[in-house]
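User: I would like to go through a protein model with you. Could you help me read it step by step?

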Amino acid sequence: MKKFIPDLYVTNIHQIKPKDLKKRGIEGVLTDLDNTLVRWDEPATTQEVIQWFKELNDEGIKVVIISNNNEIRVKEFADPMNVSFIHKARKPLKKGFVTGLKMLQLPANKTAVIGDQVLTDVLGGNRMGMYTILVDPIGEKEFLMTKFNRRIEKRIVRHLFKKGLISWTR
Ligand SMILES: [Mg+2]
């Protein structure tokens, strides 16, 4: 069960302060794209995301986008921002995360994983021994598979709540 629990839970990425990450010894971020940075059907980035990436950069924190989505989607989003990415990462499998660490040139314990899904982002990051941050998903329109995952997630989260294993910081 522990593998499903994020180290930090926030409403959105803008509540994640790069300075706080730095204090925790985080030097790199592997962030999910769809419903984490922008809505899954939103092709382009936003001023807010650009600003947040800049703040990370100012703290010397490197960023790689790690997405299970296809190359066209991820490249179209990441290239204009000049950010490296991994597409078809097949999270929560380890391979994509290992590639991410190589790109960041960092060990797992200095890396944070950020994402909106427990079953891919949090589980995958925890299995790697990374610092995991769960955000609320942006938007409501979702793929069927995502909807299916969410239903399982809700059950897991409810269970953890009951056991007192998690509490929200909002
Ligand atoms: Mg996502």
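Analyst: The conversation below goes through the metal site, the charged side chains and some backbone details.

User: What kind of model is this?
Analyst: This is a predicted model.

User: Which residues are the protein donors of the magnesium ion?
Analyst: The magnesium ion has Asp32 (OD), Asp34 (O) and Asp116 (OD) as its protein donors, and they lie 2.1 to 2.2 Å from the ion.

User: How are those donor residues spaced in sequence?
Analyst: The spacing is D-x1-D-x81-D.

User: Are Asp32 and Asp34 buried or exposed?
Analyst: Asp32 is buried, because its relative accessibility is 6% and the cut-off for buried is under 20%. Asp34 is buried as well, at 14% relative accessibility.

User: Which network is Asp32 linked in?
Analyst: Asp32 belongs to a network of salt bridges with Lys91 and Asp121.

User: How many salt bridges are found in the whole structure?
Analyst: A search of the whole structure gives nine. One of them joins Arg39 and Asp41, at 2.8 Å from N to O. Another links Lys75 with Asp79, where the closest N and O atoms are 2.9 Å apart.

User: Are the two partners Arg39 and Asp41 buried or partly exposed?
Analyst: Arg39 is partly exposed, with a relative accessible area of 30%, and Asp41 is partly exposed at 28%. In the other pair, Lys75 is partly exposed at 37% and Asp79 is partly exposed at 38%.

User: Where do Asp20 and Lys23 lie?
Analyst: Both lie in helix H1, which covers residues 18–23, and they are three residues apart, about one turn of the helix. Asp20 counts as partly exposed at 39% relative accessibility, whereas Lys23 counts as exposed at 70%.

User: Changing topic, which residues form the positive surface patch?
Analyst: The patch is formed by Lys147, Arg151, Lys154, Arg155, Arg158 and Lys162. Lys147 is found in helix H6, residues 144–162. The relative accessible area of Lys147 is 44%, so this residue is partly exposed.

User: And Val49, is that residue buried or exposed?
Analyst: Val49 is buried, with a relative accessible area of 0%. Its place is in helix H2, residues 47–58. The C-alpha atoms of Val49 and Lys102 are separated by 24 Å, and these residues are 53 apart along the chain.

User: Now the backbone. What kind of peptide bond joins Lys91 and Pro92?
Analyst: A cis peptide bond joins them, with omega about 10 degrees. Pro92 is placed in the loop between strand E4 (84–86) and helix H4 (94–104).

User: Why point that out?
Analyst: Most peptide bonds are trans, and most residues other than glycine have a negative phi.

User: What is phi of Asn82 and of Lys88?
Analyst: Phi of Asn82 is near 65 degrees, a positive value, and phi of Lys88 is near 40 degrees, which is also positive. Neither residue is glycine.

User: Where are they, and are they buried or exposed?
Analyst: Asn82 is in the loop between helix H3 (71–78) and E4, and Asn82 is exposed at 73% relative accessible area. Lys88 lies in the loop between E4 and H4, and Lys88 is exposed at 56%.

Terms used:
Residues numbered from 1 in each chain as written. Predicted model: local features only at pLDDT ≥ 70, side-chain atom pairs only at ≥ 80, totals over all residues. Heavy atoms only, no water. Patch = residues over 30% accessible without salt bridge, like charges linked within 9 Å, V, L, I, M, F, W, Y side chains within 5 Å. Areas by Shrake-Rupley, 256 points an atom, 1.4 Å probe, with all protein chains shown as cover. Salt bridge = Lys/Arg side-chain N within 4 Å of Asp/Glu carboxyl O. Lys, Arg positive; Asp, Glu negative; His and termini not counted. Charge placed at Lys NZ, Arg CZ, Asp CG, Glu CD. Helix = DSSP H or I, 4+ residues; strand = E, 2+ residues; numbered from the N terminus. Buried < 20%, exposed > 50% of the residue type's maximum accessible area, 1.4 Å probe, protein only. Donors = N, O, S within 2.8 Å, 3.2 Å for Na, K, Ca; no water.
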